[in-house]
Amino acid sequence: MADSGSEDIAVIGNTDLTPSESENNLKNTMVEKGTSLLKKMEISVAEAEKRTGKNAVNMQETYTVYLIEMRPVDAASEGTNPVPDSLWRRYSEFELLRNYLLVTYPFLVVPPLPEKRAEFVWHKLSADNMDPDFVERRRVGLENFLLRVASHPDLSTDKIFYSFLTEENGWKETVFETGFQAKADSRLKALNATFRVKNPDKRFAEMKHYGDELQSVISQLLRVRARAADRLYGVYKVHGNYGRVFSEWSAIEKEMGDGLQSAGHHMDAYAASVDDILEEEEHYADQMKEYLFYADALRAVCRKHELTQYELEMAAQDLTSKKQQREELATGTIRTFSLKGVTSKLFGQETPEQREAKLKMLETQIEEGEELVKERNAECEEFVKSAWVDIERFKEQKDHDLREALISYAIMQISMCKKGIQVWNNAKECFSKM
Amino acid sequence: MMSGSVVDNTVSSGNSSAAIPTDISGQILDLDEDDDLEVFSKDTTLTDGSSFNASMQTSPASMINQYKFEEDADTKDIFVTVDNPESHVTAIETYITYRVMTKTTRSEFDSSEFEVRRRYQDFLWLKGRLEEAHPTLIAHPLPEKFVVKGMVERFNEDFIETRRRALHRFLNKIAEHPIFSSSEDFKIFLTAASGELTSHKKQGPGFLSRMGDTVKAVAAAVRGVRNRPQEFTEMQEYVEAFSQKISSLDKVTQRIVREQKEYLEELKECGPTYALWSQSEEELAEPLKNVAGCVDRCCKETEEQVKNLSDHLIPVLHEYVLCADTLKAVLRRRDNIQADFEAKTEALATKKADRDTMRNDLDKAEDRLEWANNALKSDWTRWQKVMRTDLRSAFVDTAERNVSYYEKCLAVWESFLHSQRTDAEGNGKVDFS
């Protein structure tokens with residue numbers, strides 16, 4: 001194997017890598033991206049716990065909290081092991097953080113949270129939010145989210161994010177104080193812009209289309225995979241019946257008994273092996289899901305661009321119409337329909353003083369309008385520039401991560417095949433002793 | 001104990017099997033249901049549509065070792081194959097014949113090679129004759145008649161092929177049986193031209209006599225056996241348990257096939273999804289297409305694995321399910337022979353008239369019983385050995401095919417990994433940050 005020094009080559013070459021090792025590699029890659037935050041602190045979501053308490057409407061509820069730990073990087077390498085800073089957060093607080101980031105950095109592809117409810121489940125997997133397996137997978141997903149944010153060059157420097165990690169009490173108030181909720185765009189406004197914008201940046205339109213396709217194809221993949229997992233489970237489990245029948249049969253046979261009995265054990269082992277196999281596959285599904293949700297974040301950036309562009313276009317349109325009005329007023333020609341025009345025709349012209357006043361008002365409006373257009377233009381340009389940088393960054397990250405995911409999928413399949421070969425070779429030996 | 005020659009305590013009728021007791025009361029002859037649904041009339045003088053070769057005059061040594069067998073190849077002196085199904089259409093019916101080829105060095109055969117065409121009916125006839133002559137020997141089962149399960153068409157290729165293989169196994173099992181293989185009926189089956197076979201068939205006990213035997217047999221069954229020897233009771237218990245277990249295995253295997261097929265259906269959609277995705281991507285297009293190809297190849301292997309199970313393991317298990325039924329029938333027949341003997345013993349003790357005749361009958365019944373018991377005992381041992389060999393090799397074969405399936409899939413995914421490795425090296429892509 002060529003010595004390239006990249007952990008990716010190490011991943012490819014080592015076919016005995018387990019999914020958790022693969023996940024560690026991913027984390028290492030993020031850490032080595034070297035944001036200043038991650039250079040200083042090690043972040044993890046170490047545990048999950050059930051709590052009960054009163055909710056907003058004073059009813060008892062059970063919910064899960066997750067322990068966030070921050071360890072200084074130096075301490076780990078020096079060998080000392082001080083108690084990490086830690087605090088407990090629940091899922092809704094993560095959601096709040098993300099919503100804040102979405103509003104505050106609309107030009108960034110904000111990393112997604114693990115799903116709120118279990119979807120694309122195959123029958124054995126619980127869809128219950130309190131199920132320990134689901135909680136565990138969510139814990140991993142939340143940690144992943146924090147690391148993604150912490151490894152982002154812009155997001156990692158956000159103060160609210162930092163206090164999310166460090167200030168257990170009063171953090172919520174701090175977030176609300178930023179007034180971010182007021183800055184959030186209404187859905188309706190965004191939808192409106194999507195339909196009416198005239199000249200969006202072509203690249204963003206393509207990106208949005210790509211986001212749609214990505215979401216659609218990953219959804220399909222997850223659905224098909226869940227169904228196939230279900231079926232595969234059935235195939236393996238039915239072999240357990242061989243174990244039972246061989247065992248019963250061996251009781252009535254003399255020479256064949258031993259061979260049958262031991263073959264039966266291997267059939268039981270085969271049937272049991274599917275649980276581990278599918279658990280590993282679930283990890284792969286989670287990797288796919290992250291990018292399913294990333295697709296949404298990508299589309300959000302494109303929609304924001306459309307909105308920004310639309311508002312620029314609106315401001316420009318408004319300015320043009322005001323200028324036209326001024327022209328008409330100045331030259332006395334009426335090119336555009338206006339109520340004033342009609343009424344003045346019906347009820348007589350305005351006085352020169354009135355016209356003067358009107359003109360003055362229009363001038364002010366035009367001045368303001370020009371300012372607005374300049375502002376919005378700058379905003380738009382700024383947005384396009386920053387967003388495109390982040391989109392490029394996202395593209396590279398996506399290509400890398402998904403390729404790793406496919407490789408780890410292949411490794412999983414290989415592991416499954418190796419187990420199968422072993423079991424059936426063992427069974428064959430037992431059968432030949434029948 | 002049982003040797004190639006059989007105690008002849010009977011008057012043989014013409015050239016039938018060496019040991020048909022004249023008094024065949026007490027022997028159950030299962031009144032077969034109507035033969036093949038294919039036949040509209042019981043008249044078997046219809047022309048066999050194909051031409052046949054009577055004994056092929058080729059060198060006896062030629063191609064004797066062409067076929068593989070489980071028994072010692074060097075002691076085997078007769079090789080039988082069933083192949084080449086052909087359909088025949090006449091005014092009244094349509095039916096399938098199979099080519100039966102025999103190669104042998106046995107002296108009782110006029111020649112060393114024979115080729116004839118036979119239909120399912122003929123096999124049924126042969127089995128019936130063998131069971132008639134040796135009610136307590138264990139004959140390998142024939143494939144079932146066409147059962148309307150709603151899915152298989154009678155002339156469906158798979159059905160014909162499955163049946164052909166089973167017929168082949170049946171004849172080979174007969175050929176390997178020390179007693180059955182020296183049966184005259186067997187010889188005629190393998191060698192006679194169709195017309196000869198037809199006329200020979202007519203010489204057997206007629207319909208009415210079979211009817212009469214059945215009535216007597218039912219009567220015997222009703223009487224019941226009083227003092228069944230322990231070893232036969234044990235046999236019966238074993239057969240019961242064996243029958244259950246083998247049926248379970250048959251069902252489990254069929255269930256596995258069903259689940260595999262459903263898994264395959266879902267898996268078939270995975271590849272195309274990855275392929276679709278690759279169309280939206282640039283850098284990822286190649287690995288995605290690659291994965292799509294891998295999944296598709298695994299699908300093909302899975303398909304073949306399912307076919308293997310259906311073609312190799314299931315037929316064997318199924319045959320042993322039928323074997324269990326055969327064993328039950330054999331034990332029943334033995335019981336009836338004993339019941340007949342017991343009845344005659346009782347009769348002699350109680351009746352006063354005809355004592356000489358009855359004594360004679362009783363002696364014959366006693367002989368018949370002893371002969372039946374001995375035949376069963378030694379054939380039982382032989383059958384167990386054969387069963388063990390058959391099932392062992394069927395399961396070993398299945399395990400080997402499963403290993404091979406996983407090895408092939410393993411290779412598919414390893415080649416994907418290899419391509420990704422060389423890709424990364426080749427493109428100089430070392431730094432993904």
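**Exercises on the interface of chain A and chain B**

In this predicted model, Arg227(A) and Glu266(B) form a salt bridge whose closest N and O atoms lie 2.8 Å apart. The exercises below start from this pair.

**Exercise 1.** Determine how many salt bridges and how many polar residue pairs link chain B and chain A, and which helices of chain B contribute to the contact.

*Solution.* 
Step 1. The rule finds 8 salt bridges across the interface of the two chains.
Step 2. Residue pairs in polar contact between chain B and chain A number 16, counting pairs with both residues at pLDDT 80 or more.
Step 3. On chain B, the side that touches chain A draws at least two residues from each of helix H6 (230–278), helix H7 (285–350) and helix H8 (355–426).
Step 4. The most is given by H8(B), with 23 residues.
Step 5. By residue class, this side of chain B comprises 32 nonpolar, 8 polar and 16 charged residues.

**Exercise 2.** State the extent of the interface in residues and in buried area.

*Solution.* 
Step 1. Contacts involve 56 residues of chain B and 65 residues of chain A.
Step 2. Between them the chains bury about 5900 Å², and 73% of this area is on carbon and sulfur atoms.

**Exercise 3.** Locate Asp399(A), decide whether Asp399(A) is buried or exposed, and list its contacts beyond the sequence neighbours.

*Solution.* 
Step 1. Asp399(A) belongs to helix H14 of chain A, which spans residues 352–432.
Step 2. The relative accessible area of Asp399(A) is 15%. Because the cut-off for buried is under 20%, Asp399(A) counts as buried.
Step 3. When neighbours within four places in sequence are set aside, the contacts of Asp399(A) are Glu281(B), Glu283(B) and Leu284(B).
Step 4. Within chain A, the side chain of Asp399(A) also makes a polar contact of 3.0 Å with the side chain of Lys398(A).

**Exercise 4.** Describe the architecture of chain B, its burial and its accessible surface.

*Solution.* 
Step 1. Chain B holds 8 helices and 3 strands.
Step 2. Chain B has 433 residues, 51% of which count as buried.
Step 3. Taking contacts in chain B between residues at least 6 apart in sequence, 76% join residues at least 24 apart.
Step 4. The accessible surface of chain B is about 20800 Å², and carbon and sulfur atoms account for 51% of this surface.

How values were computed:
Residues are numbered from 1 along each chain as its sequence is written. Chains are lettered from A and ligands numbered from 1 in the order in which they are written. This is a predicted model: local features need pLDDT of at least 70, side-chain atom pairs count only at pLDDT 80 or more; totals for chains, interfaces and linings use all residues. Side-chain values use heavy atoms; hydrogens and water are left out. Helices (H or I, at least four residues) and strands (E, at least two) are DSSP runs, numbered from the N terminus. Buried means under 20% relative accessible area, exposed over 50%, partly exposed in between (1.4 Å probe, protein chains only). A polar contact is a pair of N or O atoms within 3.5 Å; within protein, one must be able to donate a hydrogen and the other to accept it, and residues adjacent in sequence count only if both atoms are side-chain atoms. Contact means heavy atoms within 4.5 Å. Buried area is the accessible area (1.4 Å probe) that two parts lose on being put together, summed over both. A salt bridge is a side-chain nitrogen of Lys or Arg within 4 Å of a carboxyl oxygen of Asp or Glu. Ala, Val, Leu, Ile, Met, Phe, Trp, Tyr, Cys and Pro count as nonpolar, Asp, Glu, Lys and Arg as charged, and the others, Gly among them, as polar. Accessible areas come from the Shrake-Rupley method with a 1.4 Å probe; for residues, only the protein chains shown count as cover.
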